[in-house]
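Hello,

Here is the structure I promised to pass on. My notes on its charged side chains follow below.

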Amino acid sequence: MIYPENKKPKEGREERRQNWINILKGCAHHHQVRAKELESPIIGAEESEECIMHKVWNYAIVDCIGLIEMLPMNEKKNDE
């Protein structure tokens, strides 16, 4: 979300990072649930394109979360 300069939240980088991770986890969960809802009850039946797309989005978001959690937090240093 974009805030005007005088209305920025006063939380730190780690809190913002954790908020993004939580949002992404919610998105991944949504797509996982939708994929399960769209699965065919018939064993061996071909999956619909919509079901496959929700699975792909879920896996992609989960991968993003993993990358964000692996990357170190680098604090900006003002040496100028």
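Leaving aside neighbours within four places in sequence, Arg17 is in contact (heavy atoms within 4.5 Å) with Ile68, Glu69, Leu71, Pro72 and Met73. Arg17 sits in helix 1, residues 13-38. Helices here are DSSP runs of H or I, at least four residues, numbered from the N terminus. Arg17 is buried at 15% relative accessible area. Buried means under 20%, exposed over 50%, and partly exposed in between, with a 1.4 Å probe and protein chains only.

A note on the source: this is a predicted model, where local features need pLDDT of at least 70, side-chain atom pairs count only at pLDDT 80 or more, and totals for chains, interfaces and linings use all residues. Residues are numbered from 1 along each chain as its sequence is written, and side-chain values use heavy atoms, without hydrogens and water.

Now the salt bridges (a side-chain nitrogen of Lys or Arg within 4 Å of a carboxyl oxygen of Asp or Glu). The whole structure has six.

- Arg17 pairs with Glu14, closest N and O atoms 3.9 Å apart. The two are three residues apart in helix 1, so about one helical turn separates them. Glu14 is partly exposed at 41%.
- Lys25 pairs with Glu69, also at 3.9 Å. This pair links distant parts of the chain, helix 1 and helix 2 (residues 49-70), 44 residues apart. Lys25 is partly exposed at 42%, and Glu69 at 46%.
- Glu39 pairs with Lys55 at 3.4 Å. Glu39 lies in the loop between helix 1 and helix 2 and Lys55 in helix 2, so the pair ties together parts 16 residues apart in sequence.

Salt bridges with shared partners also join Arg34, Glu37 and Glu50 into one network.

Best wishes
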